[in-house]
Amino acid sequence: MPDPSNNQNLDAKANLADRDHKVIWHPYTQMKNALPHIPIIRGEGAYIFDENGKKYIDAVSSWWVNIHGHSHPYIAEKVAEQLTTLEHVIFAGFTHEPAVLLAERLLPLLPGKQDKVFYTDNGSTAVEVALKMCLQYWDNLGKPKTKILAFKNAYHGDTFGAMSVSGRSIFTDAFNSLLFDVEFIDLPNQENIDQLINFISNSTETACFIFEPLILGSGGMLMYEAEYLDQLLLACKEANILTIADEVMTGFGRTGTYFACEKLINKPDIFCLSKGLTGGTMPLGVTTCTNEIYNAFLSDDKLKTLYHGHSFTANPIACVASLASLDILLRSETLQNIKRVEAKHAAFLAEIQSHSKVKTVRQTGTIIAIEWETGNETSYLSNLRNILYAYFLDKGIILRPLGNIIYILPPYIISNEDLDYIYDAIKSALEEI
Ligand SMILES: *Cc1c(COP(=O)(O)O)cnc(C)c1O
């Protein structure tokens, strides 16, 4: 008989990366030739530390979620308190103060007039709920519409509805035949805006338009002007098309204002939030809507109910983490940090934009993207990403280029010294690679 306790002891002595490889399937990773996954044992501020004590600057906010730095003591304190008070309760038939308080504080912060919060678990499910709200809204009103409008290179998540409204790419390739049809439009600019408005005006059968405001994240940090988005939203309003702002990445200060849609005159009907919501501490998603949408579900007819929910909907610990994260976000020093990072970024881009290996540079708030000149060599392009990733990792910086696009999306507390260190590493990469 094998002795399981003995077995565990043996395993514990093995390298953590090897043990990981035996039992874990990582996200977005070709496991056949994946490099060993680096065991991280601790996080503090803008840094994470591996098991050998090596320090890494987290220049991507741990997959875009961490806005105030790792292991934030204030969030930790609030979460610890909640853990021993109420860790979870079924959210149908019951409620709790952290969920109510978070909704009370979040709604007035959102651009326009948002009236109701629907809780989910992550960004993808926040998007699923938004789509269901829109489709069922029209159905409940007795005017069913099923067409959906989205941007060509959009990314809205990995569940089937969210994949359907995302641009078709290698991420969706294996499932394309099962995804529902969506009308994809180009990002608006001065040349195509009239044509896009015209298209929307003739889309009266369209239920909703979902968009990432100002910047398409996973699509390659593609940026576009608020002015043109505003015109698209106005056209949607006039054509009776509901609008969904997917602020999963842009929310909570990322673009320089608390929410990207603050830069618009016309406001969306629905917001999807996640990532920075809990300060990157725990998974939580939120879909908010106007009373106009909410009221279309009030009925004696049971079929008009929004039949959606998740086991961990409105988890109290996650709600408390979000409340603590909001406290920090609203401190004046946080806004000062956001402005500081923005200004440093802008100065750096001005310095490197005319480098021969730099194709284009762009910035929205605390996010900058640098497109590496690759000419027409596609093999170079596919290798470049891995070379750059390893190059920065070696220097103790976590940057995950999207193809030939290097982007920085740091926690707002990152120091000027660390930003300079990252900029210098990018400048050396431009010389050496
Ligand atoms: C990350 C992301 C999502 C998906 O969120 P998950 O929590 O990863 O499911 C949706 N929309 C945008 C814009 C995102 O950046």
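Trainee: How many bridges join strand 3 to strand 15?
Mentor: Strands are DSSP runs of E, at least two residues, and helices are runs of H or I, at least four, numbered from the N terminus. Two strands pair if DSSP finds at least two bridges between them. Here two bridges join strand 3 (residues 55–58) to strand 15, and the two run parallel. Isoleucine 57 has isoleucine 397 of strand 15 as its bridge partner. The open sheet has four strands, ordered 1-2-3-15, with mixed pairing. Strand 1 (40–44) and strand 15 (397–398) are its edges, each pairing on one side only.

Mentor: A caution on sources. The model is predicted: local features need pLDDT of at least 70, side-chain atom pairs count only at pLDDT 80 or more, and totals for chains, interfaces and linings use all residues. Residues are numbered from 1 along each chain as its sequence is written, and side-chain values use heavy atoms, without hydrogens and water.

Trainee: What area is buried between domain 1 and domain 2?
Mentor: Interface size is often given as the accessible area lost when the parts come together. Here the bounds, from an automatic or database assignment, are 38–71 + 332–432 for domain 1 and 75–329 for domain 2. About 2,100 Å² is buried (1.4 Å probe, summed over both parts), and carbon and sulfur atoms give 64% of that. Trp64, His68 and Thr364 supply 30% of the area that domain 1 buries against domain 2, more than any other three residues.

Trainee: Which element gives the largest share of domain 1's side?
Mentor: Helix 12, with five residues.

Technical notes: Buried area is the accessible area (1.4 Å probe) that two parts lose on being put together, summed over both.
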